[in-house]
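Here are my notes on the model you sent over. Have the structure open while you read.

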There are 2 protein chains.
Amino acid sequence: MTDKRLLRGARTRRIALDKAVDIASLESLEGLSFGRLAAESGSSKAGLQTLFGSKESLQLATVDHARMLFNDFVTRPALAKPRGVQRVRALVERWIGYAEKPLFAGGCFQAANLAEFDSRPGPVRDALVRTQRAWIDLLSTELGRAVAQGEIAELDRDLVAFQIDAVLRAANTEFRLGHEGVGDWIRRSVEGLLVPRNRLRA
Amino acid sequence: MTDKRLLRGARTRRIALDKAVDIASLESLEGLSFGRLAAESGSSKAGLQTLFGSKESLQLATVDHARMLFNDFVTRPALAKPRGVQRVRALVERWIGYAEKPLFAGGCFQAANLAEFDSRPGPVRDALVRTQRAWIDLLSTELGRAVAQGEIAELDRDLVAFQIDAVLRAANTEFRLGHEGVGDWIRRSVEGLLVPRNRLRA
């Protein structure tokens, strides 16, 4: 293959995957077919089948692409902040921007797909769960650092990471339904979980 | 129509809807087709089409049926408890039983379908949102009573109802993935939100 053909293939793939994450955030990965993707991305169905192979391979490539775009928009900017409580707050603020705007047409990719695939064992569920665990681990790690640095009181960091993620995914539903005030509900929920070290309950 | 035929129609409908809520909890209401329902409920496809009419009517009947079964299993037993904090705890305990066992093959019906339909305006989304609002309102009302009765400290009852529901829906994912300890995470999360009146933060 010439360099030109390789470049064209990479470009077609990128355009198709950008569209695929939108479709999967709106209709879930199950609603992602080669026919629909061809119609919406301007490529031929046969060309997409050659690029991606099976529907499952397309679904897995879409999960990967969504994770990469999420990391670029949410995780990476937050990792530029100091470790600990500032980074937790930055992750939450970036997430609000990601779901409110939203970055993907149907809002939070994980919220839309995890609910659909949690009862369907297989490689797609495994990929979604890996992405989910990495996100929760990131929150948990920074919560642990916030405690170690004396910024917040002792807490069960895995439980609080779960609680923060729970609020984010529920807020995604509210954003989709047009409840704009839910960004502040997220902030108040997270602040309620981050108890300052010197303000312990009696 | 004779009484016998009416009875038989009601029985066929009931059997079909019991199966429909299982399918919709596993695969979402979008995956609910007359063909699949016929195969799994032992009725003919034509008979089910005559009973329910359009796919959308079947989806709406399924939302109704799920709500009725949820109310029988979760809401009604909890309403037998005294108003306020005891009723909130009873609603949460009944919900844990509902999602852990689970009552529907795919776990929480709302969690599975709200995530799928939140970006799809129409009668099905409206029905799911009505069910969701009624549930949140019930939690919020009992939280308000708990405050009025002096059982817990002042709180934003709509926000806390949202937080409790967020934890429940996120826990549903964990139950589906086999994380059995999440029932205790729910209890600890809810108790963390119900601050006793005499134990206010400094």
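1. A word on terms first: helices (H or I, at least four residues) and strands (E, at least two) are DSSP runs, numbered from the N terminus. With that, chain A reads α-α-α-α-α-α-α-α-α from its N terminus, that is, nine helices and zero strands.

2. Before going further, keep in mind that this is a predicted model, where local features need pLDDT of at least 70 and side-chain atom pairs count only at pLDDT 80 or more, while totals for chains, interfaces and linings use all residues. Residues are numbered from 1 along each chain as its sequence is written, and chains are lettered from A, ligands numbered from 1, in the order in which they are written.

3. On overall dimensions, the C-alpha trace of chain A spans about 65 × 35 × 30 Å along its principal axes.

4. Now a helix pair in chain B. Helix α6 (residues 109-117) of chain B packs against helix α7 (residues 123-148) of chain B at about 135 degrees, their axes 10 Å apart; axes are lines fitted to C-alpha atoms, for helices over the stretch in contact, and angles run from 0 to 180 degrees between N-to-C directions. So α6(B) and α7(B) are oblique to each other (angles under 35 degrees count as roughly parallel, over 145 as roughly antiparallel, 65 to 115 as roughly perpendicular and the rest as oblique).

5. Which residues make the contact? From α6(B) come B:Q110, B:N113, B:L114 and B:F117, and from α7(B) come B:V124, B:R125, B:L128, B:T131 and B:Q132 (contact: C-beta atoms, placed from the backbone, within 7 Å).

Conventions: Two residues are in contact if their C-beta atoms, placed from the backbone, lie within 7 Å.
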